Amino acid sequence: MSSLTDTASTVSEPAAASRHDRHRALRRASSIALCILAWHLASTFRIDLGIVTFQNVPPPLEVVAAARELIESGTLLSHLTASLSRVLGGYTGAAAVGVALGLLIGRSRGVEDALLPPLELLRPIPAVAWIPLAILMFPSSELSMVFITFTGALFPILLATIHGVESVDSRLIASARSLGARRHAVFIEVVLPAAAPGIFTGLSIGMGTAWFCLVTAEMIAGQFGIGYYTWASYTIQNYPDIVVGMLLIGLLGMGSSAAIRKLGSALMPWQALEAKKT
Amino acid sequence: MRPAPHSPPAVAGRIDIRNLSIRLGQGRQAFEAVQNVSLGIEPGEFVCLLGPSGCGKSTLLGTLAGHLQPGSGDIRVDALPVEGPHPERGLVFQHHTLFPWLKVVDNVAFGMKMRGIGRQERSREAQRLLDRVGLSEFRHHYPSQLSGGMQQRVEIARVLINQPKVMLMDEPFGALDAQTRMMMQQLLLDIWESIRTTIVFITHDIDEALFLADRIIVMSPRPGRIIEQIAVEFARPRRAELITTDGFTRLKHRCLELLHPKSNHPLPRLSPLGTVP
Ligand SMILES: Nc1ncnc2c1ncn2[C@@H]1O[C@H](COP(=O)(O)OP(=O)(O)O)[C@@H](O)[C@H]1O
Ligand SMILES: [Mg+2]
């Protein structure tokens, strides 16, 4: 039986695997270090390549100084909480609506015909284009900002859920029915768990796009928020602060996407085993 | 795992198929996959459907399982018409359909969960069936951690937990290596000799059909029709040595002839100088 030898061979694996993991982490860290070094050289020597120039790009050290200033001024926390609450608000709404609609559309041809065409029409509209309408539709600017991040996160989640539901192996459903599962049980016991990996991929991408829309959202109004801080720094020509804002958004987006993926693999332990096989 | 010396005769699981035709495809592409099949199967009988690939065996089995609608004709199990899938008719495919997100024990217990039976009783019964197929140590593994043969054993245990009157098996060992396949055939016979459920078993492997079956139903290429029924009367319990006996070889020849009939018009032999008369 081949699987007996499989399990035997995994015993010696952890040591090798952790060495391999450390190597990879090192390579990844050096990649970031190299990028910073290139940025440093390009900005301090004010490289001008004709089509792109680094003459006005602040060098890393100035950015670090600006970051320190932001921290010491004590406003960082209010910027962070303002942005986090907007992104999480929009994202939570998008996750609820996207997953629910996606499940309905994926399971029913009728719902698909009724709902998918208008959604397909709205999908290509970029977040910026929503600003005027968002201001007109929502009485509070806070809500309109939440709405903008919502539109950013909704479509990746919706489409991934539809795809996840539609690609459930029909043999699994046939087996479940032959084992006595009725409509409702097929949905709960088979369709949901089978679609879950796809849904989580959408949730993780949606988290990224919610942050992606943050600057756009915070262009609307406000005095706090990292997107607002970035945009305001540009209007007052405070270039190092722009880069601080950009990097903060990058870090937060990356971190929260990773958190969603972590949650996904904690909820779906079988996934890691299948990935290992391929 | 010895079978009871005289297992009681089965009383349930009679299958009656009358003038069954099944159409597949839509519109212009529609065609008859199974044509005018009539077949009676006794309770507790082990029947193998043998036929070339594409002849409609899976289609016939899918209809028996209740996943496909018959075009015309009539299928009954214990006098009741088949109207949809039912746990009394367990289904096993060539490639396992275990739920990847459930551990082995929960996969096996799935049928009882659908009947609303409590967790404790479910796992106890699942445990008993895993013992039966020799996999109790693997109860907390996920399906992807098992080999192909083990996955099919779990699949069989999962069907058995519903105490099916009929087991429908669609080339269940077709993807296994020769040695594992022999082991699985032996295991299946051991189980069947103790529980005596009706088994309809699809294969295109003649040795497998002869080793397992009470009766072999040979089907023609598409559209599938029954062209011959062969009673296989080797004594049970059967052991691997059976396949080297003369009686076995004789029946095997018969099956080979049915599946690959000698062409009436032999092709002319080609030579560089033209056709040799
Ligand atoms: N859903 C389907 N729609 C159209 N044709 C099908 C479908 N399923 C199977 N077929 C065709 O029907 C024939 C019988 O298929 P099948 O019952 O799977 O044969 P077997 O199991 O004997 O190999 C084959 O020619 C196959 O290509
Ligand atoms: Mg088939």
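This note goes through the sheets, loops, cavity and chain interface of a predicted model.

1. Basis. The model is predicted, with local features requiring pLDDT of at least 70 and side-chain atom pairs counted only at pLDDT 80 or more, while totals for chains, interfaces and linings use all residues. Residues are numbered from 1 along each chain as its sequence is written, chains are lettered from A and ligands numbered from 1 in the order in which they are written, and side-chain values use heavy atoms, with hydrogens and water left out.

2. Four-stranded sheet. In chain B, four strands make an open sheet in the order E2-E1-E4-E5, with antiparallel pairing. Strands (E, at least two residues) and helices (H or I, at least four) are DSSP runs numbered from the N terminus; two strands pair if DSSP finds at least two bridges between them. E2 and strand E5 (80-81) of chain B are the edge strands, each pairing on one side only. Between strand E1 (residues 15-24) of chain B and E2(B) there are seven bridges, and the two run antiparallel. Leu20(B) has Val37(B) as its bridge partner in E2(B).

3. Helix on that sheet. H1(B) packs on the sheet and touches E1, E2 and strand E4 (72-77) of chain B. Contact here means heavy atoms within 4.5 Å. The direction of H1(B) makes about 120° with that of E1(B); axes are lines fitted to C-alpha atoms, for helices over the stretch in contact, and angles run from 0 to 180 degrees between N-to-C directions.

4. Six-stranded sheet. A further open sheet of chain B has six strands in the order E6-E7-E8-E3-E9-E10, and its pairing is mixed. Strand E6 (89-92) and E10 of chain B are at the edges with a single partner strand each, so one side of each has no neighbour in the sheet. The twist from one strand to the next averages 15°.

5. Strand E9 (residues 215-219) and strand E10 (residues 226-231) of chain B run antiparallel and are joined by five bridges. Arg215(B) is opposite Ala231(B) in E10(B), and Ile217(B) has Gln229(B) as its bridge partner in E10(B).

6. Backbone points to check. The loop between E9 and E10 of chain B contains Pro223(B), and the peptide bond joining Arg222(B) and Pro223(B) is cis, with omega about -5°. A cis bond also runs from Arg236(B) to Pro237(B), with omega near -5°; Pro237(B) is in the loop between E10 and helix H7 (246-259) of chain B. Ala79(B), not a glycine, has a positive phi of about 70° and lies in the loop between E4 and E5 of chain B.

7. Cavity. One cavity of 30 Å³ or more is found in a search of the whole structure. A cavity is a set of points on a 1 Å grid over the protein atoms alone where a 1.4 Å probe fits but cannot get out, and lining residues have an atom within 4 Å of a point. The volume of the largest cavity is about 30 Å³, taken as the space filled by probe spheres set on the points, with grid points joined across faces, edges and corners. Its lining includes Ile17(B), Leu39(B), Leu60(B) and Val200(B). Strand E2 (31-41), strand E3 (46-50) and helix H1 (57-65) of chain B each supply at least two lining residues.

8. Interface. Chain B has 32 residues in contact with 24 residues of chain A. About 2,500 Å² is buried between the two chains, with carbon and sulfur atoms giving 66%; buried area is the accessible area (1.4 Å probe) that two parts lose on being put together, summed over both. On the chain B side, Trp101(B), Met114(B) and Ser144(B) lose the most area to chain A, together 26% of what that side buries.

How values were computed. 1 Å grid on protein atoms, 1.4 Å probe; cavity = no way out; pocket = protein on both sides within 12 Å on 5 of 7 lines; lining within 4 Å.
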